[in-house]
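User: I am new to this structure. Please take me through it in short questions and answers.

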Amino acid sequence: MNRVRLLVLNAALGPLDYRLPEGMSAPAGSVVVAPLGPRKVTGIVWDKGRLPGEAIAFERLRPILEVVPVPPLPAPLRRLIEWTADYYCAPLASVARMALASGGALGGPATMTEYRLSGGTPERMTAQRRAAIAALEGEQGTMRELAGLAGVSQGVLRGLVHQGVIEPVRVNIDRPYDRADPDFAPPDLSPGQAAVAGRLVAAVQARAFAPFLLDGVTGSGKTETYFEPVAEAVRSGKQVLVLLPEIALTENFLARFAARFGAAPVLWHSSLRSTARRRAWRAIADGSAQVVVGARSALFLPYADLGLIVVDEAHEVSFKQDDGVRYNARDVAVMRARFESVPVILASATPALESLHMAAQGVYEKLDLPARFGGASLPSVRLVNLTQEKPGSGRWLARPLIDALRDRLDKGEQALLFLNRRGYAPLTLCRNCGHRFKCPSCSAWLVEHRLSARLACHHCGFETRVPEACPECGESDCLVACGPGVERIADEVRELFPAARIALATSDTLNTPERAAEFIAMAQGKAIDIIIGTQLVTKGFHFPDLTLVGVVDADLGLEGGDLRAGERTFSQIAQVAGRAGRGAKPGEVLIQTRHPDAPVIAALASGDRDGFYAAETAARRDAGAPPFGRWAAIILSSEDEKEAREAATRLGDVRPRLADVQILGPAPAPLALLRGRYRYRFLVNARRSANLQAMLRDWIGGVQFAPGVRVGIDIDPYSFV
Ligand code: ADP
Ligand code: ZN
């Protein structure tokens, strides 16, 4: 019988049954369009018997309208979608959407019109036109994209098309990518690197699930080493997925990849243009994309023939997605490798405690690169006790750090100052009346950004101009900035060393791949003396003449709602420290702290990573925290405070009483108001013996909430605000 059950791409709908018309073929995984009332919906034909649903009489089934001409989603991906939805308590449709990430890939013609400058000049040159033309130099894209790039309306550009200044071009959207050559420029590996690479290459050849933890100190050449199994997979015609935590890292990676393989990999991230996205999606689905480098969303794409997955900087918290489907790309990558029966490599200099635990249990095979490449030594670390070495008032750099900066400037070497706080100051208040600037829709202070002369909320994106006068008491010139952000540190450095060339490296300044590339080129070309940056500079970068790293406030990460604060602080500081002394000259790290005796700070000072992990592991075991027990966070929110509170109380009243599950809450979340929604939370701590997801589904599924209430379930949460 030609009955099919669809996973419809609409989380509000369950699976729906349809009839396959005579002569239409749609095996499991096919993407189809089906009627729904007067509308059409997109769905995926699912494997028989795997989606529960109501069996409607065959005669009443409506027919599938069309099968979209793309390859069916492969079975391993369908299993991954099921697993992800089940494990993270997310709707199947929401997970499936991530696989079909590119609506444009699904249909339509394969060519399109793009526009570019023709080289001509307009009859009448206006300032606006001149600026638009300058902005479009070397660019090509749709009207909409170019208008965005040039910061003008499409009308302005159409005027220029009319005058022949901008010309249309037909492009083949699906044109093939350059081929990567696995033997283009293989490096000479050190014996240690070669041993690790050999093991990984053998795993690729074995074509079976094999999880590896590649644990190599900063500068040990992890990338060069894992490029060998990548080359092996490419050689045998298999596809490779390399996940990177941050798009700012990709430029650096792309350059190294091109040097090794003679061609660029296929890029995937959320800010790809629609055509680039379609081209990549199609090449991934038809198997012609050899190596895909992407952010976490690349994980759910329909690879035709995967041979290897690499998760670089696998400890990074940005692999955790905190909205929509709340998944951890590192963990899902391991599951995908398992469903695909391929090896997966988690590479890091500071692996997550969970990953080290899996290695200790023998589940992951651990491969070590204990030394820096080329004989470079690891940097020496010194603590600066801020309770003794007090910076002046309104100043944040203590004497030893200032002296060290001066020393590098004298020697013509580079320095990096790390403070994980964007903007100028985290809090602004009125000296006259004490008014504090708060976000109107979040329980958070507004952060002053002096470069853009704005006060911004880092939680919801709200922005307002810095006012002349206090909105509360009307007094002018009375606003005081409290605490430091990177912009303020930059001011301080500028005052201390007026001749130094300073660069800010944050997600505000390096917000496009182009800007990131420009920054890297300047730093490598020694056009920058002092880099001041947020967590963005903690990883990936390799500047041989950078010999000093200063951590402005090591205690910062220990505050706040991070469930893994100690571990996070350790890895962040160890990573940023790892930027120092990567070339011939030795590096030095100065860590400013008010708590030199805190275990994590002491471990950083003595370089005792194993000791730190051992202590942290023991603490987690005692607390029943991951990986020994399991956590889940539940956040109930509503625009109405009372509604949110009542929902939380109601859920709390019917909490299950189980021996192996402890439920804390409800309590107002630390961010009690976020984007205009009031939030209450529960923290669930379960032993490994408990079936956490089933328990959550039973518990939460049994309660009817008011329509304005949203329920968010976060399995294995990282942040707890
Ligand atoms: P990690 O990722 O482990 O911090 P990288 O992969 O960035 O280290 O390597 C550090 C530096 O050493 C890079 O500039 C890299 O190109 C260089 N390098 C590492 N291994 C080799 C090798 N075998 N041959 C040449 N250069 C290497
Ligand atoms: Zn806000």
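Analyst: A polar contact here is a pair of N or O atoms within 3.5 Å. Within protein, one atom must be able to donate a hydrogen and the other to accept it, and residues adjacent in sequence count only if both atoms are side-chain atoms. Please note that this is a predicted model.

User: With which side chain does the side chain of R330 make a polar contact of 3.0 Å?
Analyst: R330 has its place in helix α10. Its side chain makes a polar contact with the side chain of Y718, at 3.5 Å. The contact at 3.0 Å joins the side chain of R330 to that of D331.

User: Is R330 buried or exposed?
Analyst: Buried means under 20% relative accessible area. R330 has a relative accessible area of 4%, so this residue is buried.

User: Where does helix α10 sit between β12 and β13, and what is the hand of that crossover?
Analyst: Strand β12 and strand β13 (residues 343-348) run parallel, joined by 4 bridges. One bridge pairs V310 with I345 in β13. From β12 the chain passes through helix α10 (residues 329-340) to β13, and this β-α-β crossover is right-handed.

User: Which strand do 5 bridges join to β12?
Analyst: V240 stands opposite L308 in β12. The two strands run parallel, and the partner of β12 here is strand β9 (residues 239-243).

User: How many residues of strand β12 are buried?
Analyst: The cut-off for buried is under 20% relative accessible area. Strand β12 covers residues 306-312 and is largely enclosed by the rest of the structure, because its buried residues number 7 of the 7.

User: Now the ligand. How many residues surround ligand 1?
Analyst: The closest are D188, Q193, G219, K222 and R256. By type, the shell divides into 3 nonpolar, 7 polar and 5 charged residues. The number of residues that surround ligand 1 is 15.

User: Which helix gives the most to the shell around ligand 1?
Analyst: This helix contributes 3 residues to the shell. It spans residues 222-235, and its name is helix α7.

User: What is the relative accessible area of Q193?
Analyst: Q193 is among the residues closest to ligand 1. Its place is in helix α6 (residues 191-206). Q193 is buried, and its relative accessible area is 3%.

User: How far apart in space are Q193 and G216?
Analyst: In sequence, Q193 and G216 are 23 residues apart. From C-alpha to C-alpha, the distance in space is 9.8 Å.

User: Which are the edge strands of the open sheet of 5 strands?
Analyst: The sheet has the order β2-β1-β4-β3-β5, with antiparallel pairing. An edge strand pairs on one side only; here these are β2 (16-19) and β5 (66-67).

User: Over how many bridges do β3 and β4 pair?
Analyst: Strand β3 takes residues 31-36, and strand β4 takes residues 39-45. V31 has I44 in β4 as its bridge partner. The strands pair in the antiparallel sense, and the number of bridges is 6.

Notes
Residues are numbered from 1 along each chain as its sequence is written. Chains are lettered from A and ligands numbered from 1 in the order in which they are written. This is a predicted model: local features need pLDDT of at least 70, side-chain atom pairs count only at pLDDT 80 or more; totals for chains, interfaces and linings use all residues. Side-chain values use heavy atoms; hydrogens and water are left out. A residue is near a molecule or strand if one of its heavy atoms lies within 4 Å of it. Ala, Val, Leu, Ile, Met, Phe, Trp, Tyr, Cys and Pro count as nonpolar, Asp, Glu, Lys and Arg as charged, and the others, Gly among them, as polar. Buried means under 20% relative accessible area, exposed over 50%, partly exposed in between (1.4 Å probe, protein chains only). Two strands pair if DSSP finds at least two bridges between them. A crossover is right-handed if, with the strands pointing away from the viewer, the path from the first strand over the helix to the second runs clockwise.
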